[in-house]
Amino acid sequence: MYTQYYYSKQIKKFITQFCNIFTDLEVRTGVGKNGEPPRNIQVPIRYGSSDRVVSSITAQNTQNTPITIPMSSAYLTGIELAPERRKGVGMVTNTTIIENNGQPYPNNIKVLKRYMPIPYNLSMQLSLYASSTDEMFQILEQILLVFDPFVQIQKTDESYDWTKLTSVELVGINNEENFPKKKKKRVIQWSLDFVIPIWISPPAEKNNDY
């Protein structure tokens with residue numbers, strides 16, 4: 001039974017770190033019509049399902065916020081229990097810490113009580129959108145060079161968070177090339193599937209019972 005409200009944005013933090021992996025993607029253009037030299041274009045990332053993003057692109061951006069390609073989008077597609085990573089149910093660890101709070105010994109000594117976190121697997125999909133095959137190949141190659149097949153991410157900088165480190169694994173690649181009808185812009189679309197093992201942690205408690 002829930003006795004009080006608790007929310008620490010844990011899933012949101014993992015999704016944010018996942019998106020941060022892809023914030024530096026770029027594509028290089030060719031020589032411009034008037035002889036302009038090639039230049040690099042940033043590939044922005046948004047959170048949203050691929051069908052909604054494609055619909056916005058092919059609708060010629062009639063909404064308030066225009067969407068241009070190349071771009072990418074990330075979306076949480078599922079959460080599953082991971083019983084194979086469960087270390088126990090209801091287990092508690094007590095860690096003695098000395099805080100630098102200006103208090104004399106032993107008033108600066110506290111006991112940190114941590115409850116066993118619950119393991120889950122997040123399924124994330126990264127959708128890539130480009131207007132040409134060359135743009136798409138540039139984006140894919142940058143990503144495939146990074147994942148072999150893991151990339152490590154860190155949720156927080158908190159010293160006593162034993163769930164802050166995890167990895168992102170690339171598990172699938174799909175070609176979903178799109179050919180809109182009539183005069184709508186052509187969209188070349190690929191999707192990459194990832195799995196992130198995470199832990200959802202109950203709040204830790206500090207007390208002076210040392």
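**A close look at one helix and some strands**

Modeller: Arg 46 lies in strand β3, residues 45–47, where helices (H or I, at least four residues) and strands (E, at least two) are DSSP runs, numbered from the N terminus. This is a predicted model, in which local features need pLDDT of at least 70 and side-chain atom pairs count only at pLDDT 80 or more, while totals for chains, interfaces and linings use all residues. Residues are numbered from 1 along each chain as its sequence is written, and side-chain values use heavy atoms, with hydrogens and water left out. Arg 46 is partly exposed, with a relative accessible area of 33%; buried means under 20%, exposed over 50%, and partly exposed in between, using a 1.4 Å probe and protein chains only. Although Arg 46 and Ser 73 are 27 residues apart along the chain, their C-alpha atoms are separated by 4.6 Å.

Turning to helix α3, residues 133–146, its 14 residues reach 20 Å from the first C-alpha to the last, close to the 20 Å expected at 1.5 Å a residue, the expected span being 1.5 Å times one less than the number of residues. Glu 135, Met 136, Ile 139, Leu 140 and Ile 143 of α3 are buried. Seen down the axis of α3, these buried residues fall within an arc of 125°, so they line one face of the helix; the arc is that of the directions from the helix axis to the C-beta atoms. On the other side of α3, Glu 141 and Leu 145 are exposed.
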